[in-house]
Amino acid sequence: MTPEDVRDVTFSRALLSKNSYDEAEVDAFLDRVEATLRGQDTLTPADIRAAAFTHPGLGRRGYTKDEVDEFLDKVAATLDIR
C-alpha cells in the first residue's frame, strides 16, 4: 500500500448514521496514515486497529463502517510487513 492509495481511497456513504463513521474524523485519521507511510508520522499497526470514530450525528450520512474497517485492516497489514 502506498501513500497515494490512502489519499485516493473513497468510501460509500451509509444510508443510516448508525452504520457509518464521521467523515471528518476518518479523513483526519487517513491524513495521519498517509503521513506514516511517507515516514512523517509514527502510527503503528496497533494504532490503526484501535482507531475509533463517532457516528456522524442524527440526520447526517457518513462513510460506511464496513468499508472503512476493511481498508484500515489492509493498512495495518501493510504496516505489519514493514
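In this predicted model, a residue is called buried when its relative accessible area is under 20% and exposed when that area is over 50%, with partly exposed in between.

**View 1. A salt bridge joins Asp 22 and Arg 60.** The closest N and O atoms of this pair are 4.0 Å apart. Asp 22 has a relative accessibility of 10% and therefore counts as buried, whereas Arg 60, at 49%, counts as partly exposed. Because Asp 22 lies in the loop between strand 1 and helix 2 and Arg 60 in the loop between helix 3 (45-50) and strand 2 (63-64), the pair ties together parts that are 38 residues apart in sequence.

**View 2. Glu 23 pairs with Arg 13 in a salt bridge.** Their closest N and O atoms lie 2.6 Å apart. Glu 23 belongs to helix 2, while Arg 13 sits in the loop between helix 1 (3-8) and strand 1 (20-21), ten residues away. With 18% relative accessibility, Glu 23 counts as buried.

**View 3. Within helix 4, Glu 70 and Lys 74 form a salt bridge.** The N to O distance is 3.7 Å. About one helical turn separates the two residues, because they are four residues apart in the helix. Glu 70 is partly exposed at 47%, and Lys 74 is partly exposed at 46%.

**View 4. The largest nonpolar core contains 18 residues.** Val 26, Val 33, Ile 48 and Val 68 touch the most other members. Helix 2 (23-37) and helix 4 (65-81) each supply at least two residues of this core, and helix 4 gives the most, with six. Beyond its neighbours within four places in sequence, Val 68 is in contact with Phe 11, Tyr 21, Val 26, Phe 53 and Tyr 63.

Notes. Residues numbered from 1 in each chain as written. Predicted model: local features only at pLDDT ≥ 70, side-chain atom pairs only at ≥ 80, totals over all residues. Heavy atoms only, no water. Core = buried A, V, L, I, M, F, W, Y, C linked by side-chain atoms within 4.5 Å. Buried < 20%, exposed > 50% of the residue type's maximum accessible area, 1.4 Å probe, protein only. Contact = heavy atoms within 4.5 Å. Salt bridge = Lys/Arg side-chain N within 4 Å of Asp/Glu carboxyl O.
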